[in-house]
Amino acid sequence: LARDLLTSYATLSRDERLAFFRELHARFGADRERVAKAAQAVLEAPDDETLLQGLHAATEPRRQELVRRLNLAPGGTSALVSMRKDLIACLRDDPDLREVDRDFQHLFSSWFNRGFLVMRRIDWSTPAVILERIIRYEAVHEIHGWEDLRRRIALPDRRLYAFFHPALVDDPLIFVEVALLRAIPDAIPPILAEDRDEVPAGEATTAVFYSISNCQEGLRGISFGNFLIKQVVEELRRDLPGLKTFVTLSPVPGFRAWLTRSAEAGEGSVVKSLPAEFRASLAASDTTDAVNAVLDDAEQAEALREPLRALCAHYLVREKSRGTRPLDPVARFHLGNGARLERVCTCATSPEEI
């Protein structure tokens, strides 16, 4: 029955899937009358463990049990991950479905627990079906075909590691790319360059995590990155004792938008230290072209280097979201998992990514 339901679901249109999720929300929540009776029973006999268990069972939405039963079908886990991807897309149309999404996330956090994950190194001998998915899933620095992939996984100073789950055969959950270098880098292009000088792995002192990509949209909100990076660090330490420094070379995706908002705020904002011409380019209707025109000028770009570095440091350290959490999502991930901010590198990629 679970197999038939999942097969039928796969044939639905987007509107029909939205209707399906709305049914899950409306008809498969917790039975409120049952919850009220169970709660009253606990109030009357608070020391009765059986009644507490009954209250716990009553408060669980019925759709959680439905999802568990759907997972019994062959390929059920993969189908449910795809189903949640559809659900996430439907949240824009109906925010009330977040209640349904929380149930999926609750179940997935158990099913994709770290204890069930297997870390594998991806190299040139890895099956082509997995390599094709690595190319497709790369979300930070696009992989331009097979030769570019070979440079990232088949050379002595490059590594790529991924987490897999037994229920999603040959489909990675998340992967991280590592460059082995002699020093901490200050830009991405030299790492990705075709004609770079290779570093013998035994001579490397620094491991640079320069890209990490989540592969399954349906597993959004399920944390893997922290565990993966830390396990890779242990593996590299064991294989290459000469490695002493472990760093991420990470983009700052929220900086550009924050800088633009601050420039639009006027002279009272923190960006008043920037030249007036550059502030005007940030506030222009076509911001990207205007900013690029300034940064394409070598003299102006050099003059902006230190002001931008100071502002980015301010943004990473001072600007907060929800209390003490860094405003920038990448900084939130790394600093929240025990890293420290070591260096701010301006113009480390391309003007479009500032």
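Student: What does Arg120 lie over?
Tutor: In this model, which is a predicted one, Arg120 lies over the face of Phe164, at a distance of 4.2 Å from the ring centre.

Student: And which ring does the charged end of Arg136 sit over?
Tutor: The charged end of Arg136 sits over the ring of Tyr137, and the distance to the centre of that ring is 5.1 Å.

Student: How many aromatic pairs are there in the whole structure?
Tutor: A search of the whole structure gives ten aromatic pairs. Ring pairs also link a cluster, made up of Phe104, Phe108, Trp111 and Phe112.

Student: Switching to salt bridges, how many does the structure hold?
Tutor: The structure holds 27 salt bridges. One of them joins Arg69 to Glu65, with 3.1 Å between the closest N and O atoms.

Student: Why are Arg69 and Glu65 separated by about one helical turn?
Tutor: Both belong to helix H5, residues 62-70, and because they are four residues apart in that helix, about one helical turn separates them.

Student: OK, what about Glu177, which residue does it form a salt bridge with?
Tutor: Glu177 forms a salt bridge with Arg152, and the closest N and O atoms of the two are 3.0 Å apart. This pair links distant parts of the chain, with Glu177 in strand E3 (residues 174-181) and Arg152 in helix H9 (residues 145-153), 25 residues apart.

Student: Is Glu177 buried or exposed, and how about Arg152?
Tutor: Glu177 is buried, with a relative accessible area of 0%, and Arg152 counts as buried too, because its relative accessibility is 3% and buried means under 20%.

Student: Which residues do salt bridges with shared partners join into one network?
Tutor: The network consists of Glu138, Asp148, Arg151, Arg152, Glu177 and Glu194, joined by salt bridges that share partners.

Student: Back to H9 then: which of its residues are buried?
Tutor: The buried residues of H9 are Asp148, Leu149, Arg151, Arg152 and Ile153.

Student: And what do they pack against?
Tutor: The buried residues of H9 pack against strand E1 (118-121), helix H8 (128-137), strand E2 (158-164), E3, H10 and E4.

Student: New topic, where is His334, and which residues does it touch?
Tutor: His334 is placed in helix H16, residues 329-336, and counts as buried at 13% relative accessibility. Not counting residues up to four places away in sequence, His334 touches Ile229, Thr248, Ser250 and Ala339.

Student: How about Arg22, where does it lie?
Tutor: Arg22 lies in helix H2, residues 14-27, and is partly exposed, with a relative accessibility of 37%. Leaving aside neighbours within four places in sequence, Arg22 is in contact with Asp93, Asp94 and Leu97. The C-alpha atoms of Arg22 and Asp96 are separated by 8.6 Å, although the two residues are 74 apart along the chain.

Student: Which residues form a nonpolar patch on the surface?
Tutor: Val317, Leu335 and Leu341 form such a patch, and together they have about 220 Å² of accessible area. Val317 is found in helix H15, residues 298-318, and counts as partly exposed at 43% relative accessibility.

Student: Last one, what does the protein come to in helices and strands?
Tutor: The secondary structure comes to 16 helices and seven strands, and of the 354 residues of the protein, 41% count as buried. Among contacts between residues at least 6 apart in sequence, 68% join residues at least 24 apart.

Technical notes
Residues are numbered from 1 along each chain as its sequence is written. This is a predicted model: local features need pLDDT of at least 70, side-chain atom pairs count only at pLDDT 80 or more; totals for chains, interfaces and linings use all residues. Side-chain values use heavy atoms; hydrogens and water are left out. Patches are made of residues with over 30% relative accessible area and no salt bridge: like charges are joined within 9 Å, nonpolar side chains (Val, Leu, Ile, Met, Phe, Trp, Tyr) within 5 Å. Accessible areas come from the Shrake-Rupley method with a 1.4 Å probe; for residues, only the protein chains shown count as cover. A salt bridge is a side-chain nitrogen of Lys or Arg within 4 Å of a carboxyl oxygen of Asp or Glu. Helices (H or I, at least four residues) and strands (E, at least two) are DSSP runs, numbered from the N terminus. Buried means under 20% relative accessible area, exposed over 50%, partly exposed in between (1.4 Å probe, protein chains only). Rings of Phe, Tyr and Trp (its six-membered ring) pair if their centres lie within 6.5 Å; planes under 30 degrees apart count as stacked, over 60 as edge-to-face and the rest as tilted. A charge sits over a ring if NZ of Lys or CZ of Arg is within 6 Å of the ring centre and within 35 degrees of the ring normal. Contact means heavy atoms within 4.5 Å.
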